[in-house]
Amino acid sequence: MAAHLLAHEVADLCLGKPPLRSLSVSATIGEALASLKSCEENCISVWDCDHFKNVDCICVGKICMVDIICFLCKKENVNSPSLALKSPVTALLPQDSVLVRHVQPSTSLLEAIDLILQGAQNLVVPIETRFSGSSRRKLLQKSSSTRGCTLHNGRKFCWLTQEDVIRYFLSSIGLFSPLPTASIDALGIISTEFLSIGYHSSASLATEAISRSLVDQTSVAIVDEDGALIGEISPFTLACCGETVAAAITTLTAGELLAYIDCGGPPEDIVRVVKERLKERNLEGMLEEFEIDPSDISSNSSLSDEELPSPTSSRSSGGRYNKSSSYSARMVRRAEAIVCYPGSSLVAVMVQAIAHRVNYVWVIEEDCSVVGIVTFANMLEVFRDQLESMMLGHFD
């Protein structure tokens with residue numbers, strides 16, 4: 001069984017995946033923003049290429065909307081976001097390039113898992129396509145002049161992500177029996193260290209935590225005084241809101257931000273609060289740059305102070321969170337915290353995460369107090385250990 005699973009290469013997991021949309025390392029943050037708005041992908045790859053020299057193209061990182069949002073929320077940028085958008089895109093890339101790693105199509109599944117457990121979020125895999133000499137030259141010329149091109153030295157590439165590997169294991173979950181039915185508590189994969197912010201705290205205090213959650217592929221919990229989970233500031237949900245949410249993060253409390261991003265469009269009353277606070281703080285540049293389109297404002301979401309969600313009213317009796325759809329035109333997803341319990345089975349948590357397209361699930365008690373968080377990386381550690389055990393048993 002282990003031999004069957006490990007016989008697969010990363011190319012087998014990349015079948016049918018679309019080529020990466022890319023951006024030059026010499027681009028500005030404003031150009032990255034425009035590129036993200038013009039495509040449906042959550043992120044865009046950043047490449048260091050010289051198509052006219054015999055130098056291999058290298059993917060040096062990836063950029064998503066949340067990178068830009070957090071950059072605009074920095075103290076040095078809130079006064080002049082338009083100037084900040086002229087900064088080089090390299091300002092958004094982490095110093096540690098381990099988040100993106102190049103691999104060959106023949107790389108084994110076990111090697112791919114090891115790279116992910118070492119911190120890689122995305123493995124860059126070349127898509128094997130054969131070109132004639134003349135076709136290759138034409139493609140190189142096209143790729144050097146086309147914005148957002150997918151070709152690098154005449155080749156196309158795609159991502160392999162943690163979710164892809166988890167989906168692969170889920171498709172063969174029966175081979176791992178009885179592991180899938182074990183509780184996440186019994187498996188010891190609940191991380192008790194997680195990012196959080198108080199419901200009444202300023203949302204701007206969470207900026208670094210949001211950046212960290214993006215790197216860790218998790219989220220920031222919003223908790224009340226008793227440690228109960230009220231909601232979350234999810235990088236996925238923020239990305240759906242667009243760069244204008246930077247003004248909301250700068251001026252609102254965590255609880256107000258929750259209402260801002262969860263009402264099917266920013267409520268008119270909260271938009272008014274954002275504008276007033278920007279004026280009070282003399283952040284006219286941000287006010288002008290992030291003037292919210294009236295069409296994005298919910299027609300039925302004008303809230304009074306009494307109607308703003310409270311720590312108790314935001315939470316449903318079943319440990320779920322009653323929130324409306326995201327208002328992004330690029331992507332629609334309910335902005336609710338996905339939760340499970342310590343006794344939940346591994347396979348159930350896997351299905352939950354994949355169904356909601358997140359890399360983590362919050363673990364709570366019956367009273368909604370936060371126990372911790374389970375991530376895809378936690379799950380992959382268990383599957384890797386199981387594969388090793390299966391291999392040893394096979395050779396014995």
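Modeller: The protein chain has 18 helices and 13 strands. Helices (H or I, at least four residues) and strands (E, at least two) are DSSP runs, numbered from the N terminus. This is a predicted model: local features need pLDDT of at least 70, side-chain atom pairs count only at pLDDT 80 or more, and totals for chains, interfaces and linings use all residues. Residues are numbered from 1 along each chain as its sequence is written, and side-chain values use heavy atoms, leaving out hydrogens and water.

Biologist: Why is the link from Cys 49 to Cys 57 called a disulfide?

Modeller: A disulfide is a pair of cysteine sulfur atoms within 2.5 Å. Here the S to S distance is 2.2 Å, so the pair qualifies. The structure holds one disulfide.

Biologist: Why is Cys 57 called buried?

Modeller: Buried means under 20% relative accessible area, exposed over 50%, partly exposed in between (1.4 Å probe, protein chains only). Cys 57 has 9% relative accessibility, so it counts as buried.

Biologist: And what makes Cys 49 partly exposed?

Modeller: Its relative accessible area is 28%, which lies between 20% and 50%, so the label is partly exposed.

Biologist: How do you know whether Cys 43 and Cys 368 are buried or exposed?

Modeller: Cys 43 has 16% and Cys 368 has 5%. Both values are under 20%, so both residues are buried. Across the protein chain, buried residues make up 53% of the 396 residues.
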